There are 4 protein chains.
Amino acid sequence: MAKDGVKIATIGGGSSYTPELMEGFIKRYDELPIKEIWLVDIEEGREKMEIVGAMAQRMWDATPYDVRVHLTLDRKEALKDADFVTTQFRVGLLNARIKDERIPLSYGIMGQETNGPGGIFKALRTIPVILDIVEDMKELCPNAWLINFTNPSGMVTEAVMKYGHWDKVIGLCNVPIGAMMKEPETIDKTLDELIYKFAGLNHFHWHRVWDNEGNEVTKGLIEAMYDPKKDSGIPANIFDMPFMKEQLLEMNMIPCGYHRYYYRQEEMLNHMLEEYASEEGVRAQQVKATEAALFELYKDPNLNYKPEELAKRGGAHYSDAACDTIASIYANKNAHIVVTTRNNGAIPDLPEDVAVEVSSFIGATGAKPIAFGKLPTAERGWLQIMKAMEQVTEEAAVTGDYAKLLTAFYLNPQIPSGATAKRVMDELLVAHEKYLPQFAEDIARLKAEGVTIKDDVARELYEKGL
Amino acid sequence: MAKDGVKIATIGGGSSYTPELMEGFIKRYDELPIKEIWLVDIEEGREKMEIVGAMAQRMWDATPYDVRVHLTLDRKEALKDADFVTTQFRVGLLNARIKDERIPLSYGIMGQETNGPGGIFKALRTIPVILDIVEDMKELCPNAWLINFTNPSGMVTEAVMKYGHWDKVIGLCNVPIGAMMKEPETIDKTLDELIYKFAGLNHFHWHRVWDNEGNEVTKGLIEAMYDPKKDSGIPANIFDMPFMKEQLLEMNMIPCGYHRYYYRQEEMLNHMLEEYASEEGVRAQQVKATEAALFELYKDPNLNYKPEELAKRGGAHYSDAACDTIASIYANKNAHIVVTTRNNGAIPDLPEDVAVEVSSFIGATGAKPIAFGKLPTAERGWLQIMKAMEQVTEEAAVTGDYAKLLTAFYLNPQIPSGATAKRVMDELLVAHEKYLPQFAEDIARLKAEGVTIKDDVARELYEKGL
Amino acid sequence: MAKDGVKIATIGGGSSYTPELMEGFIKRYDELPIKEIWLVDIEEGREKMEIVGAMAQRMWDATPYDVRVHLTLDRKEALKDADFVTTQFRVGLLNARIKDERIPLSYGIMGQETNGPGGIFKALRTIPVILDIVEDMKELCPNAWLINFTNPSGMVTEAVMKYGHWDKVIGLCNVPIGAMMKEPETIDKTLDELIYKFAGLNHFHWHRVWDNEGNEVTKGLIEAMYDPKKDSGIPANIFDMPFMKEQLLEMNMIPCGYHRYYYRQEEMLNHMLEEYASEEGVRAQQVKATEAALFELYKDPNLNYKPEELAKRGGAHYSDAACDTIASIYANKNAHIVVTTRNNGAIPDLPEDVAVEVSSFIGATGAKPIAFGKLPTAERGWLQIMKAMEQVTEEAAVTGDYAKLLTAFYLNPQIPSGATAKRVMDELLVAHEKYLPQFAEDIARLKAEGVTIKDDVARELYEKGL
Amino acid sequence: MAKDGVKIATIGGGSSYTPELMEGFIKRYDELPIKEIWLVDIEEGREKMEIVGAMAQRMWDATPYDVRVHLTLDRKEALKDADFVTTQFRVGLLNARIKDERIPLSYGIMGQETNGPGGIFKALRTIPVILDIVEDMKELCPNAWLINFTNPSGMVTEAVMKYGHWDKVIGLCNVPIGAMMKEPETIDKTLDELIYKFAGLNHFHWHRVWDNEGNEVTKGLIEAMYDPKKDSGIPANIFDMPFMKEQLLEMNMIPCGYHRYYYRQEEMLNHMLEEYASEEGVRAQQVKATEAALFELYKDPNLNYKPEELAKRGGAHYSDAACDTIASIYANKNAHIVVTTRNNGAIPDLPEDVAVEVSSFIGATGAKPIAFGKLPTAERGWLQIMKAMEQVTEEAAVTGDYAKLLTAFYLNPQIPSGATAKRVMDELLVAHEKYLPQFAEDIARLKAEGVTIKDDVARELYEKGL
C-alpha cells in the first residue's frame, strides 16, 4: 500500500454515482488518506466523465484535502500502481439496460436487470470486460484490491475469482446496508444496538438480527414490516410489494428487496408490465431520465456537493458500502460489512469455492466471512438453484456457448421455460450484438433465421447502433 | 420370508391397476411362488374392489397356480404376516385428483398431480395414511417390505423412511422402465444391449446410456428423439412436447417425461389449459372415464386376462417395475431396477439421508443404489430445489403447518408465487377438507374468511362431499 | 443480562487459577461491571476454596470496586440468576491427573492429559458432571452463558452442545492467546500489527498470520521459531521439542504446542518417560507441588494480587481468554478471540454441527466463527481422525460403553493399539472407579478378572480412595 | 473391443503370478475369448519372463484353445491395440521390498509394504512408471482398460485417474475375494447364499454381510472368527493376530486382514521384529525364497498347470479377481466384485473424486460402485486419515518434494513421528536411489550429509546396485 497516499482507479468513472463515491472518500479522509483518484471511461462515456469529473474535483477543492481527480480514456494509465480499483462501469450504458428490460416484457416475461433475464445478459456483456481488466491489473497493479460494484455483482465477482484467478476482489452492493440503515428505527433501535447476520447471494440474501443482549429480534422486525407507518429500507428501484407475512415468520429470516421477484413473482411481473405500458417506461428508462437530469445538475460550476436528487437513482449507500470497505481494508479495521467473497464454508449448503454474499469482517486480508451455518430447507433450495444459474451464466459468458445460455435461462426461476423464453433470449442476443462478440456466430445465425426485435424502443436503439 | 409361499397385501386393492399387477405376478410365479394375495380397500372402494378382485381371482384360476385372492376392508387382517405390502391407494379417489388439477387451472396455474400443486396436495393427503400403515406393519408384519407405488412416490417413500422410521421400503414408478422399453429400438438396439444409469428424484430424473462395449450412446438417443418416426416412450399421461434439443445435448443426459413441466413450462401449461377448457376435461377426468370403462370390462365374468385398454390408463409397466422388484428381493436376483431409495451418497449433490430415484441393483437386502457422481451444474440446481420442495411438503403434511405449505408452494418451480398461487392453495385446502384433518383449523379459518371454490366441477364435488 | 451488575458463578472455584480470573475481571471492570462472584466447589475442595476465596475478596477489596466474592458448596445457590457460569473444575482433583499420566507411562505409553489417554479419561469423568450442571442451568439461569475452561475443553464443550442441548456455550483455552502474545516479537511486530487466523480443534489447531498490509508472514514466523534467541510462546506445560522445519514450511501453518505429541511423538514420549522415572515425577505431580506452594502463598492475609508464581502453573493467559470473552459478550465488542464453538461450516472438512476451535469475533450472540476454508490435505486427515476420536470418546462418556471406549483408545494417534493399550485402559478404569459410575459394571468385571494397578503412585492413590 | 479375439498386455509379465493369471483366463475362455497375450518385462526381468512365459504357453497348449503368449521387452509393441492392459510389475523387484521392510524394522518401526513406510516407498517408485505406461496407452490403445494389480493398488490407481487423467482403470486386490471365499463356511453357508457389502480403501476396507433373506449375519461371522476351528480367509502374508472382539462387535463390520497393522499395532510390530531377527528374515525375504523355488518348478518343461506351491506366495485369488473383472467388462456381466474405482459418492465421508475400494457391479462401462452410506464415526476417522496419507504420498511421488514425503510419513498411523522415523525415511531414499529420480537432489544431499544404511542386508543390496 502506497505510504505516501492512496491511489484509487475507478473504471466507469463517468457514472452518475461518482459524486456519491467522492462524498464517501471525503468523509473518510482521516482513515483513508487518498492522494489521487483516476476516473477512466471509454470514448462513449467521455462527455459524462468530463462533467462528473469536474464536479468531483470541485467536491475535493471544497475540502481541506489536496486530492487530484484525473480523467483518462487510457485504462492502463489509471491502473498503473493503483492501490484500489473500483469498477462501476456499464457495458452498453443505460441503453443496454433498456433492452434488457423491455425485450422480455414485450413478451410478458420479467426483464429484471440483476438476476433475471436482464441480469443474465448484463453478465454476458460484463464478464469478458472485467476479465480483461484483471489481466491489466496482473501487469500494472498486482497488489491492488478490486472493489466491484458492477452488477450482477455476485456473478461478476465470482468470474473474477474463478476465471480471472484473482483473489483480491470484493463484490459490493447497497442492499444490505440499505436494510441496516432503515430497519433499526422500525423497532426503535439504532444500528449499533443491533447485530446483523446476512447470508446468501448478491440480491438474494437473507438476514437475522439480534439486540445487543443477544436476544433475537428478527420476528419483531418482520412484524414491523407490516406496520404501514414504517420504512424497512427497500431500495428505491424495487417496487414495494409486501412479502407474505406467514412465509417470513416461518423462515425466521428477512429476505432482501430483490426476493420480491421470487416470492411475489406474479405481482412484480404485473407491476413491471404496467410500467412497460406506461409513458415513463420501464425502470431503465426512468433511470435514464433521472441521470440526464443529474448530469444537468452536475454541470453547474457552483455545485460542489452531492445533490439530493442522486438518492432517487436507487443506489443510495453504495458509496458507504464501497468506501467503508476500502477504508476497512486500508486501516485493517475489521468493520462488519456484507460483501461478496469466497464462501470458504460460510454457507455449508453451497460448495466451498463459490462466491457468496455474507456478513464479513473486513481488514487488511480482505473479507473474513462469518460461518452462518445451514439455511432452512426452503431457502437452501432457492439458494442452490440460484447459484447454479449464476454458474451456468458465467460459463456461457466465458465460452459463448448458446446451449449453456439457454440452460441458464430455463434454470432462472424468473423465467417460464419454453418457446417464448427462447425467443426473448434470441432477441436479446441480436439486440446486444455489439457487446457480445463471444456469441457472434449464433447471433449471425439468428439474424439469418429472421430474428428481429419486437419491442419498438429496443429495436430503434439497436438500429441506431446504440 | 414365508417358506411355504409368499403373502402379498395390496393396499388400495380396488385400483384399476390390480389386473396389471396380477399379470405381473403370474408371469413371475416360478421365481416368486405366491400363496395368497390380500386386496384391501376402504368402504368407498368396496364395489371396485369386488369387481377387480373377482377378475383377479379369474386370472389366477386360468393359470396352473393355486393362488387365492382375498378381499377385505380390514387392513390389519391383510397385513398380518405379509411378506410384501404394496400400496397403490389414492386418498379421495380420482375425484380428489380432479380437484388437484382443476382448481389451479381455474387460475391459470398448472395443476400437475405429481410434483406440481396437485402433487403437493396428494402428498398432504397420503403421508398421514401411509404413516398409519407403517405403524400397523410394525406390529403385524415387522419383516415385510413396503413396495410403494402411491404418488407422489418420492415424497411418500421419503416420509416412510424419515417420519415412519421404516427402512424396508422401496418406491416405484413406471417412468424409467417405460423409457427403457421404448428407447433402445430408436437406435436399433435391444434393452439388453444397453447399459442405463438413472439419477434424480421421482418424476424428476435423468439418464445416460452406453452400449455393451462401453461406448456412450446418449447423444444418439437424443438425436433419435427428434426423429418423428420414433417413439421414445413418454408415458401416455404426458403431453408429448419435445425438449429443446440444444439443451439436451448440452446436459448430455435424457430427462424424464415429467421434465416437460419444467423445461417446456409454457407449452405444457397451455396444453393443460386447453384440456381444462375442453369437453373431456383435465387428465383426471379423462382417467375417470377410462376407469369407468375399465371396470365395466372387468365385470365380464369371462374376462380372465389384462385387457388392452388398461395401457391407455397411463400406468403401463407399473406391474413390471413392481413385480420385478418384489421377485428380485425374494430371489436375491440383483436385477437393475430404477427405484426410490435412501441416497447413501449415490447423488453427492444431495444430503446422504434423503430419498432419491436411482439405478439400483435389487436383492434380498433391498436396493443397492449405484453411486452416480455429481450432476452437471444446471441439473444440480434443479434437483436441489426440487428436493427442498419435497422436504418442506413432507413437513407440512406431518405438521399441518399452513406457513410451511405456503413455503412449499412458492418453492415449487411450477408455481408462480404471489396472491393467485396463495388463493389456489387456499381453495385446495378447503376442497380437500375431508382428507386434511391436520389442517382443520386453517381450513375453518379460510372458510370463515369466505374462501370458496371457483371451479364449478371441483366445487360441485366438494359440495357433494366427494 | 442483569442491568444492576453482572453475576458470575465459577464452578471449581477452589482452583489455583481463581486469582488469575479475579485479576482479569478487575482489569476489565469498566466494560464488565461485576456485582457478585460466586465460587462453588465440592466438599473435598472446601479448604482450597476458602483460601483462594479469601484471597479473591482481598484482591477486590484492594480496588475501588464494590464486588462481593461468595463461597458455597451449594451449586444451585451459585447458579441462580447467574449471567455467566465459568467452569474450571477437575473431577478427582490433581490426583486423578496423576493417575491419567502415570498409568499409561508405566507401560511406555503417553499419558498426555488433554487429547491423549489421560484426556480421554478426563472426558469420561467430566462430561457427566457438566451435563448435570447444564440441567441445573436450564432451571436456574436459562439465559446465562457457559464459559468452559475445563479440559479437554473441546470434548467437554461439544458434549454440552450435543448431549446437553445447550447452545450458549463457549470453550476456552489459553494456547492460542499464548501464541499471539509471544510470536509477534519474534518478527519485530506487535500483536495489533498482525492478523491471526486459527482453525482446528482444542489443543489441535493451526494458524496463519498476516501483517496489517495484508501480506502473509507465516513463513517468517516459522523461520523465527528456529532462532534460538526467540520464544514462540509454547505453554509452560509442554516440553519444547522443535517441529521439523520442512514440515511446517510445507503446510504453511503454525501448529499449536500440543501438536508436538503428534508431530514429534517419539521425542515427547521419551521426555515423558524421563519425567516418569525422575524424582519430581510426571507433569501432574509437578503441578501438584506448584499448587501446594501457591496455596501456601494464597494464605498470606496480606497478599491481594496475583503472585508471579502462578505463571509457572502453565495456565498463563487463561484469564485473559476468559475475561476477554465474557467482556466481549457483555459489551458486544466483536473482539477477535479463538474459541471452541459450533463449526457452522467454518472448517468445511468437518461436519457442520461439531465443535471446532477457530478464530471468532465474540459479541452478544456469542461466537461468530470465521470461515477458514479447507485445510491442506495432511492436516485435514489429522483433524478428521482427531474429531472422530473426540466424538467416540464423548459417546463412551455418555453411554458408559466399554467397546466404544476401546474404539476411542485405538483411534487415538497417541496410542499404539494392542494388548498393552487395552491393559492401560483397564487399569485406568479401575483407578478412576469412584468417578466413573457409568462404567461400574465393567470396572467390577475387570476387578474380578484381577486387573490391578501396576504403577505404585497411582495404586497408592487408588487404595487411599483418592 | 476386438471382435476377432481379445488382446491382453501384461506389464511385469515375468511375475511369478503369471501362471495364476493364465489359469484364470483358461477357466473363463468361453466368456472371454482371448486371442493373444503379450507379456512385457524389463531387461532385469527377462530371464524370469522367459521361464514363466514358456510355462504360460504350455498351459494354453494343454487346452483346446489357440492362444499365443508373446514375450517382449518392448512395451509399445505389447500395448499396440491391446484390449486390456494388466499391470503386475514391481519396480526394483523383491530386493526393493526387502529394503522397504528391513530398513524401518532396523529402527523398530513397521516396514509394512502396502500402506506402511514400505508402501509409501513402493508408491514413490511405481507411480512415475505407471504414468508413463498411461502416456503410451493414450497413443497405442486409447480404448483399452487398465487393470492394475500393482501395489499399493489404491494409490497407484488413484494416481492413474488423477495425474494420468485416465478413467478406464480398475484397481484390484485379492483380499476381499479371499474373505468371501473363506468366511461363508464359518457360518455354514456358501458364498452365493450371502450378500457382501465392502467399503473403504485398498488394504483398508470393512464389510458387512447378509443372508439371502436379507438378515444381517455380520455378527455371526465375527463370532465365528473367534472359533479356533475356523478359517476366515486372512491372506497368507498377514500374521494371524485376532482383532479385539469387543471392537468388532461395536463397529458391526469386519475389517480386512491389513487392519491388524492398525488395530493390533503392538503385536504386529512385535511379530515383524521377530521375523526381522530370524534366519528366514522378513516377509520379502521369505517371498524371495518362495519365488526362487517357484521359478525352479516353472522351468520343468512338463509342468503345464499352476502348481500348488503358488498359493503360499500370498496372492491366492488374484487371478480370480482379475480375470472376473476382465470377463465381466468384456461380457457386460454386472458381476459383484470389490474394486478400486472413483468414489462418486459411494462413501460420502470422502471426497467424490478420490479412489475407493468398494463393492461394485462390473460391466462394459467399468465399475458401478454401490453407495454404501456413511461409516461409523471411528472408521470414518481412520478412513479419512488414510486417504489423506495416500493423497500426500501421491503428491510426493509426482513432485519429488521431500517435505511432502515427510508429511506423508508422519501422517501414516503405522509410523511414530520423530527423528527416528525421519532417519528411516532418509535411509529408504538413499537405498532406493536408483528408482527415485524425482528425489535425486535430496538423495544427493542426504548422502553428502552422511546418511548410510544401517541394516546389513539392505545396505549390501544397495551397494551391489540392486
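User: In this predicted model, what makes chain A and chain B related as by a two-fold rotation axis?

Analyst: Chain A is superposed on chain B by a rotation of 180° with 0.0 Å of shift along its axis, and the RMSD is 0.0 Å. The two copies are therefore related as by a two-fold rotation axis.

User: How do you know that chain A and chain B meet through the same surface?

Analyst: Of the interface residues of chain A, 100% are also interface residues in chain B, so the copies meet through the same surface.

User: Why is helix 4 of chain A called roughly antiparallel to helix 12 of chain A?

Analyst: Helix 4 (residues 93-105) of chain A packs against helix 12 (residues 283-299) of chain A at an angle of about 160°, with their axes 8 Å apart. Angles over 145 degrees count as roughly antiparallel, and helix 4 of chain A is therefore roughly antiparallel to helix 12 of chain A. On the side of helix 4 of chain A, the contact is made by A:L94, A:R97, A:I98 and A:E101, while helix 12 of chain A contributes A:R283, A:A284, A:Q285, A:V287, A:K288 and A:E291. By class, this contact of helix 4 with helix 12 of chain A has 4 nonpolar, 1 polar and 5 charged residues.

User: What makes strand 7 and strand 9 of chain A edge strands?

Analyst: The open sheet of 3 strands in chain A has the order 7-8-9, with antiparallel pairing. Strand 7 (194-201) and strand 9 (254-255) of chain A each pair on one side only, and they are the edge strands.

User: How do you know that strand 7 of chain A pairs with strand 8 of chain A?

Analyst: Two strands pair if there are at least two bridges between them, and 8 bridges join strand 7 of chain A to strand 8 (residues 204-211) of chain A, the two running antiparallel. One of the bridge partners in strand 8 of chain A is A:F204, which is the partner of A:L201.

User: Why is helix 6 of chain D called mostly covered?

Analyst: In helix 6 (residues 153-162) of chain D, 9 of its 10 residues are buried. A residue counts as buried if 20 or more other C-beta atoms lie within 10 Å of its own, and the buried residues of helix 6 of chain D are D:S153, D:G154, D:M155, D:V156, D:T157, D:E158, D:A159, D:V160 and D:M161.

User: Which helix gives the most to the side of chain D that touches chain C?

Analyst: Where 38 residues of chain D are in contact with 37 residues of chain C, helix 14 of chain D gives the most to the side of chain D that touches chain C, with 12 residues. By class, that side of chain D has 19 nonpolar, 10 polar and 9 charged residues.

Notes. Residues numbered from 1 in each chain as written. Chains lettered and ligands numbered in written order. Predicted model: local features only at pLDDT ≥ 70, side-chain atom pairs only at ≥ 80, totals over all residues. Axes fitted to C-alpha atoms, helices over the stretch in contact; angles between N-to-C directions. Helix = DSSP H or I, 4+ residues; strand = E, 2+ residues; numbered from the N terminus. Parallel < 35°, antiparallel > 145°, perpendicular 65-115°, else oblique. Contact = placed C-beta atoms within 7 Å. Nonpolar A, V, L, I, M, F, W, Y, C, P; charged D, E, K, R; others polar. Least-squares fit on C-alpha atoms with pLDDT ≥ 70 in both. Buried ≥ 20, exposed ≤ 12 C-beta atoms within 10 Å, placed from the backbone.
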